[in-house]
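Hi,

Here is the structure I said I would pass on. Have a look at it first, and then read my notes below.

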Amino acid sequence: MLVVFLALLSSIQTASFWSCNNETLNCQRSRNNKDYPSENECLLRCITKSGPGATKTLWPHPQAITVHSSNRVKVDVANAELTDDSNSDLKEMFKAAVITGYSNISSGIPLKVTVNVTDLVTELHQLPDESYVLHAKKSQIPKVDDANDMIDTMQVTINATTKYGARHAFQTLSQLMLKEGETMLMNEEVKIEDRPVFPWRGVSVDTSRNYISSDTLQKIIIGLGAAKMNVLHWHLTDSHSFPFKSKTRDLMSEYGAYSPDLVYDEDKIKQLVTFARTYGVRVIPELDTPAHSGYGYDWGPDEGLGDLVVCLNEQPFAEYCYEPPCGQMNVANSRLYDVLKDIFSDLVEAFSPESVFHLGGDEVKAKCWNTSSEIRTYMKSKGWSLDEDGFMKLWYEFQTKAVKLLREVKGVNTGEKIQVIMWSSSLTDSKNIKYLNQSDVDYIIQYWASLTNEDDKKKLYSLFKSGRKLIMSNYDDLYLDCGFSNWVQGSGNNWCSPFKPWHGIYLRNYVEWFKENFKVSEDMVKKVMLGAEAAIWTEQAGDSSILTRVFPRTWALAERLWSNPPSTSNMSSTEFGSWREAEGRLLHLQHVMAQRLVEGSSLPSDVIKPQWCRLHQGECYTPPKTDKEDKEVIDGKATKSTLSCVVVVVAVIICNINYIL
């Protein structure tokens, strides 16, 4: 046994040198080949001059990169400076992206950054130009006190149309630099030209089912900014709880919050919105209506306003809603609209300057409304039948009233359009979407159904052909809560299983999917599809687990939407578009975000490989024999193998490790 222990101990000794596989451009830790003295040296030099092989550290991959010199230079980040720091927004963005977490890294040549921005006014809700050009080059400049004496500096020039393009350039700059002891290493000269393919790149976070703290929401924002994602869609309320502390309707959170401490007031929201802007992220509020509304609205009878919701916590729940507790707005009660107007007003103020508002709008059940005699009487007075057609008219009337209230609180002038997001639903089906044909409303549809179910595909086709802007959140790729236990039944997996791996998210090329399935042009896809959002519903996620549910899978979506790598049938480890090529860069981003101190703490993300794999690129997967086999790996259908191992550390532990080859 001692012999086994010594052999194992010898095999896992830390190597201090790194080698570069010239064929695959993989960096691997080595005790024999001494190409490079450190991992960072290898990452900066084991590259091509331009194109996809020119970076091992950038995420998302830029549209164009040229490394003019792979010689390394040590850079002083702690004292990095903008040559013109008169704009406070740019100054804060630079600090957040480049300096935060590295304020003690002061060894190396000076880092000086010149930023040229032509538009400092356009904000995120106006879908600003996010492109940039970055040129970093080691240069010599005269000393301040002696013009005849030259000193080395790292000169970085950034040209961008808007401050958000400049912010993304700052983020790229931070990824070009690698921490090496007490300094930062980067290549002597690099030029990058970059822009996103899709303008809407985000994640939807549910804070109703389980409360998520402001600190954790900040970390999500930091993670989004790290990969140039620009939308935090905040699913603020649901039937479970109402954590928004309304100034004018404080009974909503008094009745609806889980506790007085688990609320988001206006100040807390404004702080998050301001914080997010620094990371290039807009925060969009969702007040789910008219379904998914329950606790928080239940004070109506106590205050003489009647029922504001119906079928609240009705059982058996499956007959009236899709998960407990049930609840839908009592759209026949005129007092409801007074309450909604006040809530809209408070939300618009708290989330200012955001112009888009999400009204939810999915999973309305007629049977819930049909339990209310008040609603049935109201519908009969309108001459509406108590069937699907009648309830669609009722829903349409609610939508019209709700949008009118939003227009009023936003101060939108007559004739101007207001932008409203809704989830795909029975109201967006081909036979009912006529109800959304309102000349003063620009409805954006967030599609959450499947890309594989034929009925769902027909509905999506109808939406696509209508020309309405689409945000993709198809559950079979982008629901991050899938693959866990069935919390309602107590056995089996939840409804949207299996688990959605980062590989599948990365390989979902929406442009190619639409072109192949709907026979449309790439230009048409980009005209209709704004982008996509991953979604984390929190039935089984909370403050302690949500970060590892969101990351790194959301980062996979980030590169898909920013770079849109080409689809490739050859899944070689070096071809851009292969998840194997991307994996090394994704593991590097994980490593950096876990190690870098961000606002006093690191950003954890879910483990996707043993650490050994990051240190031995290209050694942790079995190349598929066929394209079909590779697809099965992505879809989670590969056969399971069992690896038996014996590890000796003081005592002997015998383990069986299930893994997917």
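Before the notes, one term: when I say that residues meet or touch, I mean that they have heavy atoms within 4.5 Å of each other. Also keep in mind that this is a predicted model.

Let me start with a pair of helices. Which residues of α12 meet α15? On the α12 side they are Lys457, Leu460, Tyr461 and Phe464, and their partners in α15 are Trp513, Phe514, Asn517 and Phe518. Sorted by class, that contact has six nonpolar residues, one polar and one charged. As for geometry, α12 covers residues 454–466 and α15 covers residues 510–518, and their axes come within 12 Å, crossing at roughly 100°. Angles of 65 to 115 degrees count as roughly perpendicular, so α12 is roughly perpendicular to α15.

Next, the barrel. Eight strands form a closed barrel with parallel pairing, in the order β9-β10-β11-β14-β15-β16-β17-β18. Ignoring direction, neighbouring strands of this sheet are turned by 30° against each other on average.

Strand β3 (residues 64–82) pairs with β4 (residues 109–119) in the parallel sense, over four bridges. Val75 is the residue to look for here, standing opposite Ile109 in β4. In turn, β4 runs parallel to β6 (residues 150–162), with eight bridges joining the two. In that pairing, Val117 stands opposite Ala160 in β6.

Finally, the overall picture. How many helices and strands are there in the protein? I have 21 helices and 20 strands. The protein has 661 residues, and 55% of them count as buried. Of the contacts with a separation of 6 or more, 71% are between residues 24 or more positions apart. The accessible surface comes to about 27,800 Å², and carbon and sulfur atoms account for 48% of it.

Cheers

Technical notes
Residues are numbered from 1 along each chain as its sequence is written. This is a predicted model: local features need pLDDT of at least 70, side-chain atom pairs count only at pLDDT 80 or more; totals for chains, interfaces and linings use all residues. Side-chain values use heavy atoms; hydrogens and water are left out. Axes are lines fitted to C-alpha atoms, for helices over the stretch in contact, and angles run from 0 to 180 degrees between N-to-C directions. Angles under 35 degrees count as roughly parallel, over 145 as roughly antiparallel, 65 to 115 as roughly perpendicular and the rest as oblique. Ala, Val, Leu, Ile, Met, Phe, Trp, Tyr, Cys and Pro count as nonpolar, Asp, Glu, Lys and Arg as charged, and the others, Gly among them, as polar. Two strands pair if DSSP finds at least two bridges between them. Buried means under 20% relative accessible area, exposed over 50%, partly exposed in between (1.4 Å probe, protein chains only). Accessible areas come from the Shrake-Rupley method with a 1.4 Å probe; for residues, only the protein chains shown count as cover.
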